[in-house]
Amino acid sequence: MEPSQVAVIGSGLIGRSWAMVFAAGGFKVKLYDVAQQQLTSALENIRKQMKELEESKSLKGALSTEQQLALISTCTDLKAAVEGATFIQECIPENLELKRKIFGQLDLIADDNVILSSSTSCLLPSKLFTGLKHVKQCIVSHPVNPPYFVPLVEIVPHPETDPSTTERTYALMKQIGQSPVKLNREIEGFVLNRLQYAVISEAWRLVGDGVISPTDLDLVMSDGLGMRYAFIGPLETMHLNAEGISNYCERYREGMKLVLNTFGPVPEFSGEIEEKINQAISEKIPVVPEVLGARRNWRDECLTSLAKMKKQMKSD
Ligand code: NAI
């Protein structure tokens, strides 16, 4: 049987990673971009990454590197790219005008069955999809960078998205080994970035107020909270840190409210505090392409090992 086909629109950082995820799931992938050079470098990069993953026995899916590579083809013609696709994942730059333009083009050529999905990190579905003829088939599938190593996908419907679009997207994400979560309605920042920004802003205030150094602040997460959050979420943490949620609330509700009431206003993320944090973090990791690249590679290796470990320890 012919494998099902998907189209990935935009072959940058995220588009490449999606292409790898879909190929690992056995899907035929048409990778589309306006820049031929981007497509060429995307294919080279995907090949290199897959070889390295194969060598470290971390390649996802049941197919070999060559079989997965054979599933991916590139194209600079939008109509040809989406022809025969049952799912289209848009990954072009985070710019509302650009995205509305591409979804307008896709709307004209889409049939009544294909799902039109966006990787946007923060543009609301109502901004992206309102007015499209195929709005019922539109959805946001927000990945976490890099999607090949971090499986979470936030699925965010437009108010007019058909529930079957949400269900099919959810099922597809499961099928390709990602970890989808459904938002019942759109909200600024979706859920992941709302949580992330809550952490970043308190980190910024604590360093800005001189409570802790920037590098120690990061350690609180990487050697503290983060260790458990790789396995259990904040709500289960409450449950396990007492005799269940209600007992946790009984014990800690007043203390939590006391601390939360001392939180400061939204930081400006500029000026002296920015300089201080930038200096400290850049001292550890200089802003030089090779250094940043090496650190990202190391992060990806860590995430690959963690993913393997999580698979072994899976208990739900
Ligand atoms: P990128 O800049 O690396 O790649 C964008 C690609 O789109 C480039 O290859 C560019 O040539 C291509 N492109 C530009 N206009 C186009 C058009 N009209 N048609 C087709 N291709 C076009 O961007 P990146 O980082 O891959 O981000 C893509 C999307 O994914 C954005 O919406 C971003 O918010 C989202 N995202 C990014 C994450 C990240 O950490 N980088 C994480 C989660 C989501």
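User: Before we start, what counts as a pocket here?
Analyst: A pocket is an open set of grid points where a 1.4 Å probe fits, with protein on both sides within 12 Å along at least five of seven lines. Note too that this is a predicted model.

User: OK. How much space lies in the second largest pocket?
Analyst: The second largest pocket holds about 740 Å³ of space. Its lining is made up of 23 residues, and the closest to the centre are Gln49, Glu52, Phe149, Asn297 and Asp300.

User: Which elements give two or more residues to that lining?
Analyst: Those are helix H1 (13–24), helix H2 (36–55) and helix H13 (289–313).

User: And which one gives the largest share?
Analyst: H13 does, with nine residues of the lining.

User: How do the lining residues divide into nonpolar, polar and charged?
Analyst: In the second largest pocket, five lining residues are nonpolar, 10 are polar and eight are charged.

User: Switching to the ligand. Which residues come nearest?
Analyst: There are 21 residues around the ligand, and Asp33, Gln38, Glu94, Lys99 and Ser121 come nearest.

User: How far is a polar side-chain atom of Asp33 from an oxygen atom of the ligand?
Analyst: That distance is 2.7 Å for Asp33. Glu94 also has a polar side-chain atom by a ligand oxygen, at 2.5 Å.

User: How much of the ligand's accessible area does the protein cover?
Analyst: On its own the ligand has 840 Å² of accessible area, and the protein covers 77% of that. H1, helix H5 (96–109) and strand S6 (138–143) each give two or more residues to the shell around the ligand.

User: What classes of residue are in that shell?
Analyst: The shell has nine nonpolar residues, nine polar and three charged.

User: New topic: which domains does the assignment give?
Analyst: The domain assignment lists domain 1 (5–182) and domain 2 (192–284). Their C-alpha centres lie 32 Å apart.

User: Now the backbone. Is the peptide bond from Asn145 to Pro146 cis or trans?
Analyst: The bond from Asn145 to Pro146 is cis, and its omega is near -10 degrees.

User: Where does Pro146 lie?
Analyst: Pro146 is in the loop between S6 and strand S7 (152–157).

User: Last one. What is the phi of Lys57?
Analyst: Lys57 has a positive phi of about 55 degrees, although Lys57 is not a glycine. This residue is found in the loop between H2 and helix H3 (65–71).

Definitions and conventions
Residues are numbered from 1 along each chain as its sequence is written. This is a predicted model: local features need pLDDT of at least 70, side-chain atom pairs count only at pLDDT 80 or more; totals for chains, interfaces and linings use all residues. Side-chain values use heavy atoms; hydrogens and water are left out. On a 1 Å grid over the protein atoms alone, a cavity is a set of points where a 1.4 Å probe fits but cannot get out, and a pocket is an open set with protein on both sides within 12 Å along at least five of seven lines; lining residues have an atom within 4 Å of a point. Grid points are joined across faces, edges and corners, and a volume is the space filled by probe spheres set on the points. Helices (H or I, at least four residues) and strands (E, at least two) are DSSP runs, numbered from the N terminus. Ala, Val, Leu, Ile, Met, Phe, Trp, Tyr, Cys and Pro count as nonpolar, Asp, Glu, Lys and Arg as charged, and the others, Gly among them, as polar. Domain bounds come from an automatic or database domain assignment. A residue is near a molecule or strand if one of its heavy atoms lies within 4 Å of it. A polar contact is a pair of N or O atoms within 3.5 Å; within protein, one must be able to donate a hydrogen and the other to accept it, and residues adjacent in sequence count only if both atoms are side-chain atoms. Accessible areas come from the Shrake-Rupley method with a 1.4 Å probe; for residues, only the protein chains shown count as cover.
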